[in-house]
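Subject: Structure handover

Hello,

Please find the structure below, followed by notes on what turned up in it.

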Amino acid sequence: METGIPNIPGLGVVRRRLGTELFARVAGPRGQATRTRIHDTPGPRWFGPDRPIRTVHGDASMFVGGLRALLLQSLHPLAMAAVAGHSGYRGDPWGRLQRTSTFLAVTTFGTAEDARRAVERVRAVHRRVHGTTPDGEEYAASDPHLLGWVHAAEVDSFLRAHRRYGARRLDDAAYDGYVADAARVAEALGVHDPPRDQAELAARLDGYRPELRATPQARDAARFLLLHPPLPWVARPPYAVLTAAAVALLPRWAREPLRLPHLPVIEEIAVPPAGQVLTRTIRWAMAPPPPAVESTRPDG
């Protein structure tokens, strides 16, 4: 895989260490066994190797898109109340990330049977998640309309992050294909008539806008994600680049309610190059090592 990082002697150790740390964060302690099962188990898949969803979900730009998705999703008061009341994002943020990344990997790359089981587990969890917001509105995570918002915000975020930071950008027809691929998973989760191309996705997001607002829970979640992540200090500078890249991809109508600053000059000149460097570094660290080359030198 092309990463744009030169092969300098001694970088191998750094690469392995960084890759191991990143993989452990997103995949958990059993990540390697899970990855082997997902990719090596024989059987039919929901998506073939040529499908756009594999290109998007297999790219390091997902780190940017995932954070943008969380910020955007928080603007729906019912979705935010469900997250605040049931997800444990403060007490176990890495566990939540690992469960989400595993679900995306299984449904994108795993066998059809494993994907079906992953969806059923999520639907079982959703059936147990219900309650009342601080304003007295009832919510249920299994509500198809609420699931539709979460799905649309997520797909829009992954698409926009890949368009900006992906290693192999796609054309509009392929990005339409990505939206259509993601719709298959959404329908399995219970979303009614999910969008199937970029135009439908944009229209669906616009349709939700009258329901959106930044509650105190949403602003608290944004502060936690952007300013107080559970990370060692050495990881804070690259995480700051990640957050800047994610926030810069949000539309103005989403940023203002969350009180996120808009700095046009910095976001146009500094953030994109820094985001490219970060995603290239993640891609470099997490790429599998090249196969060993057998020596042709004769013995003796």
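The largest nonpolar core of this predicted model has 70 residues. Val-64, Leu-71, Trp-149 and Leu-258 have the most contacts inside this core. Helix α8, residues 144–165, supplies the largest share, with nine residues. As background, nonpolar side chains in soluble globular proteins tend to be buried together.

Beyond four places in sequence, Leu-71 touches Ala-222, Leu-225, Leu-226, Val-247, Leu-250 and Leu-258.

Val-247 leads on to helix α12, where Val-247 is one of the buried residues. As for geometry, α12 runs over residues 236–248, and its 13 residues should span 18 Å at 1.5 Å a residue.

Asp-181 sits in helix α9, residues 172–189. Is Asp-181 buried or exposed? Its relative accessibility is 6%, so Asp-181 counts as buried, the cut-off being under 20%. The Asp-181 side chain makes a polar contact with the side chain of Arg-51, at 2.9 Å. Setting aside neighbours within four places in sequence, the residues in contact with Asp-181 are Phe-47, Arg-51, Pro-52 and Ile-53.

Some totals for the protein chain:

- The chain contains 15 helices and two strands.
- Of its 300 residues, 43% are buried.
- Taking contacts between residues at least 6 apart in sequence, 74% join residues at least 24 apart.
- The accessible surface is about 16,200 Å², and carbon and sulfur atoms account for 57% of that surface.

Finally, confidence. The average pLDDT of the protein chain is 88, and 85% of the residues score at least 70. Where does pLDDT stay under 50? This happens over residues 291–300, and for that stretch the model has zero contacts beyond four places in sequence.

Regards

How values were computed:
Residues are numbered from 1 along each chain as its sequence is written. This is a predicted model: local features need pLDDT of at least 70, side-chain atom pairs count only at pLDDT 80 or more; totals for chains, interfaces and linings use all residues. Side-chain values use heavy atoms; hydrogens and water are left out. A nonpolar core is a set of buried Ala, Val, Leu, Ile, Met, Phe, Trp, Tyr and Cys residues joined through side-chain atoms within 4.5 Å. Buried means under 20% relative accessible area, exposed over 50%, partly exposed in between (1.4 Å probe, protein chains only). Helices (H or I, at least four residues) and strands (E, at least two) are DSSP runs, numbered from the N terminus. Contact means heavy atoms within 4.5 Å. A polar contact is a pair of N or O atoms within 3.5 Å; within protein, one must be able to donate a hydrogen and the other to accept it, and residues adjacent in sequence count only if both atoms are side-chain atoms. The expected span of a helix is 1.5 Å times one less than its number of residues. Accessible areas come from the Shrake-Rupley method with a 1.4 Å probe; for residues, only the protein chains shown count as cover. pLDDT is the predictor's confidence in each residue, from 0 to 100.
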